[in-house]
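Please keep the sequence and the structure in view while reading.

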Amino acid sequence: MIKVKPLINRCVPYADESAYSLLHRLAKRNYYKNIYRLFNKELPTNSRTSFSYSDENTSWTGTIFNFLKYEALIKDIDSLFLNKFNSKIFKEEPTVIERAAFYVALKGRYCPECMSECFYYRQIWDISFVTVCIKHKNFLIDTCGNCGKSLTIFNIMSSVCLCGNRLDRHQPNKNVPNNLLEAQATFKDLLLNREKEVQVNRKYSLSVNEYFYFFRMFGSIVENLPYSIFPEIGLMLKGERLQYLANGKTSHRDIYLLSFTFYLIHELIINPFEMLRYVISYLDGVQRRYKHRRSKRYRIFKEITISPKGELYLDAYNQSVNVKQQVKFNEFRRQLKLPKEEKVYISFNEAVALLGVGPKTLNKLMEGEHKIFTVLKEERRNLSLLIKSEILDYKSKRDGSLSLTKFLDELGMKRTNGKKLIQRGLIKPFQGPDIDGNRYYIISKKEVEKFFDEVFGNAKIIEQVGGNFISFNKAILKFNRYGIGPIDMLELIKDNKMNAYLMGSNRNVRQLYLSIREVEEIIAVAKDN
């Protein structure tokens with residue numbers, strides 16, 4: 001059993017009071033400084049804990065339940081905790097992330113006018129998306145007006161911030177836009193069973209559970225979207241992006257940004273034909289490298305459209321992207337029944353699959369100074385189409401192609417000679433740093449065969465090496481003294497100014513031999529020059 005002294009005085013909870021508020025009033029009425037003294041240090045001493053949501057995994061749940069039942073003699077204990085809203089907001093038991101999105105666990109917000117009328121903490125203030133006091137038409141206060149730090153329920157019930165500022169003297173912001181005030185009133189009425197359904201687009205009505213299902217789904221879609229893509233409603237917003245989810249247990253979501261996020265989600269539900277187009281327009285304009293973010297949101301939207309009453313949002317989507325022309329185009333294409341191999345144009349993803357390269361590599365071939373593919377763009381939906389014949393030509397070049405390093409290995413030459421071969425025009429790669437931005441030079445199979453035919457095509461096959469021959473590599477040492485390098489030697493052979501002899505059928509310079517007489521003649525000419 002808990003170690004709590006018997007209560008001298010008891011309190012009756014208000015209909016909309018939170019558990020922490022009731023415990024605070026009990027402590028004060030029984031002459032304790034705070035609830036932690038009342039419980040004789042058996043509760044967590046973290047002053048940010050609001051005890052708003054009962055969880056079997058928390059150490060304090062059993063302690064508080066037993067106290068409220070046996071000492072405070074409270075009959076309806078469940079009504080003091082946010083768990084009572086779960087059946088309305090969530091389909092199943094909420095996850096930690098879902099709870100953090102909807103319920104304020106470690107922070108607090110309040111209306112000073114409500115507190116002055118009757119001093120207790122309203123449970124509804126711990127619903128994250130309740131940001132306005134409907135009765136007094138002002139924003140709830142969630143930060144200290146002096147130090148700017150976020151408030152906890154401990155601060156609010158003590159009427160003083162840690163900096164010493166009196167919270168009961170705060171003046172709330174009453175500049176609440178009318179459309180936000182109306183949306184907040186609807187939201188609150190659904191939560192408190194004052195309304196059993198909400199009208200959507202004069203055609204549909206959503207039950208409480210249906211409304212909150214769509215609220216959670218659209219919340220996931222707008223999470224982290226830039227709020228600048230939506231029409232303004234007259235709020236001073238911090239940051240740049242909407243925040244539906246709470247990033248961590250201790251995170252503080254700005255009351256005005258949270259208000260705007262709530263308003264947009266609410267409008268997406270009840271007025272999709274007006275608001276959905278802003279979301280679709282942004283998602284269809286997302287850059288290709290961020291397409292995974294777009295895909296995730298479209299998967300969520302698909303779940304919305306296949307749910308009961310989801311056809312309303314599908315109609316709104318169809319109108320927002322003007323898909324009537326797209327439907328006609330699809331019907332026309334189905335009538336033609338073109339086989340895949342007869343397509344003239346292919347999409348970006350089809351080109352990636354056909355070439356077997358990564359998206360980044362294909363992007364380099366489509367854009368910038370090294371562009372080699374013709375790209376047709378549809379600006380409205382940010383689609384890119386490529387000419388299939390160009391992709392296939394490039395693929396045929398690349399199939400069986402060699403890197404410059406591999407080519408030099410087959411040729412039997414040092415890798416330092418690679419760039420010289422390219423600069424002299426003896427070999428022409430189709431990919432490389434100065435061609436398409438690729439890090440490595442790539443040479444097509446056709447170009448490799450052409451080079452070997454030009455250099456080794458006229459070489460005579462010999463079975464043994466006599467004293468009249470010198471190997472190509474040894475000849476390099478002789479020629480180097482007179483400024484004649486291996487590339488010059490290959491050009492002499494290619495231009496039939498020097499005969500070459502191959503020992504066997506392997507076409508590489510390791511098996512290549514030259515006539516000593518011809519070598520000495522060329523050196524004699526080089527000496528004279």
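Predicted model: local features only at pLDDT ≥ 70, side-chain atom pairs only at ≥ 80, totals over all residues.

## Salt bridges

Side chains of opposite charge can pair when their charged atoms come close. Across the whole structure, a search finds 15 salt bridges.

Glu 17 pairs with Arg 25, with the closest N and O atoms 2.8 Å apart. Both partners fall under the 20% cut-off for buried residues. Glu 17 has a relative accessible area of 1%, so it is buried. Arg 25 is at 13% and therefore also counts as buried.

## A link across the sequence

Lys 174 and Glu 113 form another salt bridge, at 2.9 Å from N to O. Lys 174 sits in the loop between helix H7 (153-158) and helix H8 (178-191), while Glu 113 belongs to helix H6 (residues 112-117), so the pair ties together parts that are 61 residues apart in sequence.

How accessible is Lys 174, by relative area? The value is 41%, so Lys 174 is partly exposed. Glu 113 is partly exposed too, with a relative accessible area of 25%.

Asp 189 meets Arg 194 in a salt bridge, 3.5 Å from N to O. The two side chains fall into separate accessibility classes: Asp 189 is partly exposed at 21%, whereas Arg 194 is exposed at 55%. Elsewhere, shared partners matter: salt bridges join Arg 424, Asp 488 and Glu 491 into one network.

## Positive surface patch

Which residues form the positive surface patch? They are Lys 397, Lys 428, Lys 446 and Lys 450. Of these, Lys 450 lies in helix H20, which spans residues 445-456. Its relative accessibility is 42%, so Lys 450 counts as partly exposed.

## Helix H9

Helix H9 covers residues 208-222 and has 15 residues. From first C-alpha to last, H9 reaches 21 Å. That is close to the 21 Å expected at 1.5 Å a residue.

Is H9 largely enclosed or largely open? In H9, 11 of the 15 residues are buried, so the helix is largely enclosed by the rest of the structure. The buried residues include the phenylalanines Phe 212, Phe 214, Phe 215 and Phe 218. Val 208, Tyr 211, Met 217, Ile 221 and Val 222 are buried as well. Arg 216 and Gly 219 complete the buried set. After H9 comes Asn 224, with a positive phi near 70 degrees.

Key:
Residues numbered from 1 in each chain as written. Heavy atoms only, no water. Patch = residues over 30% accessible without salt bridge, like charges linked within 9 Å, V, L, I, M, F, W, Y side chains within 5 Å. Areas by Shrake-Rupley, 256 points an atom, 1.4 Å probe, with all protein chains shown as cover. Salt bridge = Lys/Arg side-chain N within 4 Å of Asp/Glu carboxyl O. Lys, Arg positive; Asp, Glu negative; His and termini not counted. Charge placed at Lys NZ, Arg CZ, Asp CG, Glu CD. Helix = DSSP H or I, 4+ residues; strand = E, 2+ residues; numbered from the N terminus. Buried < 20%, exposed > 50% of the residue type's maximum accessible area, 1.4 Å probe, protein only. Expected span 1.5 Å × (residues − 1).
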